Amino acid sequence: MASRRRMLLKVIILGDSGVGKTSLMNQYVNRKFSNQYKATIGADFLTKEVQFEDRLFTLQIWDTAGQERFQSLGVAFYRGADCCVLVYDVNVMKSFDNLNHWREEFLIQASPSDPENFPFVVLGNKIDVDGGNSRVISEKKAKAWCASKGNIPYFETSAKEGFNVEAAFQCIAKNALKNEPEEEMYLPDTIEVGGGGRQQRSTGCEC
Amino acid sequence: MSESQDLLSYPPIDPVNFDLIIVGTGLSESIVAAAASAAGKTILHLDPNSFYGSHFASLSFLDFTSYLTSPNPLPAAVTTTDSEDVVVDLLHQPICSDAEISCYDEYSFLCENSRKFNIDLGGPRALFSADRTVDLLLKSGAAQYLEFKGIDESFVYEPNGGLANVPDSRGAIFRDKKLSLKEKNQLMRFFKLVQQHLDDTQEEKISEEDMEIPFVSFLEKMKLPPKIKSILLYAIALVDYDQDSNEVCKDLLKTKDGIDCLAQYSSSVGRFPNAPGALLYPIYGEGELPQAFCRRAAVKGCIYVLRMPVVSLLMDKATGLYKGVRLASGQDLYSQQLILDPSFTIPSPLSLSPRDFPCERLQMWSQRDIKGMVARGICITRSSIKPAVTNCSVVYPPRSLYPEQMTSIKSLQIGPNLAVCPEGTFILYFSTLCNNADEGKNLLKAAMNALLTLPVSGNTESVSSVQSDSEDTKPIVLWSALYIQKLIVSNFELISSSSTPDGNLNYNDLLDAAEKLFRQMFPNEEFFPKVTTSPEEPTDEDDNGLTLDS
């Protein structure tokens, strides 16, 4: 049972509108990037098979579907997350300042059983913009914030150029996998009426 | 309800013109939002609450209590002087009233575990495995966000105080220990008759005259004993009113409709191999359903803004027609059409409108009729009403509790394996239609007392010590709530309004009302057209591929 229930890992990506959440997902899963920004429409979740220590897992990466724009992600979005990715734009101060809000919102809504050790990963995106000349958050500052929140792993990425995206998601997958909830919340005999994308999903945290 | 008080300030909403603005994220509103988004409409979906679901929400223990006891008043309307439009302030009239909350024991445990509770505001409610709700969840794509579990057993409360199984299949009839051999044969013969009638290859049909007579008369004609009649009418067809009493019966069921109910019930049993009975319940509670439809809508471009009350309507000065809404933030937004949560109305008569403002249609809209009321009750217990059964439904047929009981009572017990309450606790939901608050509450109290022990306040300890000695212990209630909810059905008017939760156990009528509202608003659009899945989206599998996670 334990191995089976770990086969599907739910990862959610949070952060201000426009920081590149959808682009990061797309770059990682489809190796595609679109320069044309539109507030997310049509993105739901993407899945990717990952191998880790000879075992195959399905990483299910959930987009905010635009519901983050007015802080209107419902509790259902957060349920059962195995890892939470916080994204900001290194060129926009406010998106960095808001990381704290997103982290707290996650902890309230998902209420993981062990909030201290719940796996977050922080991504500073868009490091390619203007050759790095327009960035307002230094790597040092970002790392200091991550350290103060229980040593959250930190990656600087460019979804546009595909820089560091693979490495970041490998870390995300690894941490999602490590998120072993202390309370076993496996629900046997779960019925999915559609037999769609969520079979064998794990229920990582009790919320 | 998010505890996070220091929310980021919202940017102004952009654009300011929409095809449709919807206020409230209840099930009907969310279904219409998903359907209209799928049809390519531009939609703004607002909710004054910090959570999704409105009257269909599932709330934590503390949020549930405060929702019932202190409904949020609307913030004062922003007064701006120069507007081209007539500004009509909205009134918020909570649909729930007469709340009576009692805590008998372990209050601190309940508070400490508040967030482990997902308590349904509109319970009891469940899905039949083969009903239209499941089809809609598949058709709309909302199913991919949801997981269910089967309700283990369905019971009928018997006047002697026992619980009888609802015999829902041939196997169940055979196994049933409470039916006599004669009763078993009668029931089998009847099921066979219905089966033949529904089977197109069979010649033998129920006559057309019989199809039009009351189902109760047909059952008598078939010489079914009262006990079986009662099970078929109240536990399988789930009718509300005493079918034997012409004066009070407001929902006399015809044979053809009764047969449809039986057909739905029997095709529900066994549709999913790991659902033991006919009913399904969503993991984390009913509130997951509106959220799934809202996510569907968001994926198709619908804009979501929670914590945003609408304070006024903007009406055209000359025509008296709807133009837009004013938000609590002061922003004015415009749309072709508006759907309002049924708890909103306008003051009557309109006091501040200009003298020549044609307000007749608006006045008419505000006087929509309330279709009756439903009493709802909730109990939290430490043990199950039936040993070794976690999730079950119970129907109390009319007159099973006392002779004056004219309506049936529906009840649902949900346990921790559905992630709605902490380990070692159970939530029981009760509902019945009623004419007034006292009648409804008395019925529910009788239903609770029949299966549970409600300690007398201040006397908790002695009750529990007495109870623990006896073998046949009724579960002791830690906490209970009773409230009365108005019944309002969605309405297509100058301003459309959505439906409140109804008195049924399933969602069929609510879905029909939502679909009807959608078709009235968008007569040229299909209700959830069959979509070609984009490569980005996970393939949604064919609708018949009902694979299960067991």
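I began with helix α2 (residues 61-69) of chain B, which lies across β6 and β22 (477-486) of chain B and runs at about 135° to β6(B). For such angles the axes are lines fitted to C-alpha atoms, for helices over the stretch in contact, and the values run from 0 to 180 degrees between N-to-C directions. Helices (H or I, at least four residues) and strands (E, at least two) are DSSP runs, numbered from the N terminus.

I noted that this is a predicted model, in which local features need pLDDT of at least 70 and side-chain atom pairs count only at pLDDT 80 or more, while totals for chains, interfaces and linings use all residues. Residues are numbered from 1 along each chain as its sequence is written, and chains are lettered from A and ligands numbered from 1 in the order in which they are written.

Next I looked up the sheet of chain B, an open one of 8 strands in the order β6-β22-β18-β21-β20-β19-β10-β11, with mixed pairing; two strands pair if DSSP finds at least two bridges between them. In chain B, β6 (96-103) and β11 (163-165) stand at the edges with a single partner strand each, so one side of each is left without a neighbour in the sheet. Neighbouring strands of this sheet are turned by 20° against each other on average, direction ignored. Helix α9 (residues 226-236) of chain B also packs on the sheet, touching β10 and β19 of chain B, and its direction makes about 120° with that of β10(B); contact here has C-beta atoms, placed from the backbone, within 7 Å.

I then turned to strand β19 (residues 392-396) of chain B, where 5 of the 5 residues are buried, that is, with 20 or more other C-beta atoms within 10 Å of their own. Cys392(B), Val394(B) and Tyr396(B) lie on one side and Ser393(B) and Val395(B) on the other, so that both faces are covered.

For the neighbours of β19(B), I found 4 bridges to strand β10 (residues 153-157) of chain B, which runs parallel to it, and Phe155(B) stands opposite Val394(B). To strand β20 (residues 409-414) of chain B there are 5 bridges, and the two strands run antiparallel; in β20(B), Ile409(B) is the bridge partner of Tyr396(B), and Gln413(B) that of Cys392(B).

Last, I checked Val11(A), which, leaving aside its neighbours within four places in sequence, is in contact with residues including Leu59(A), Trp62(A), Cys83(A), Val85(A) and Ile172(A).

Note on methods. Buried ≥ 20, exposed ≤ 12 C-beta atoms within 10 Å, placed from the backbone. Contact = placed C-beta atoms within 7 Å.
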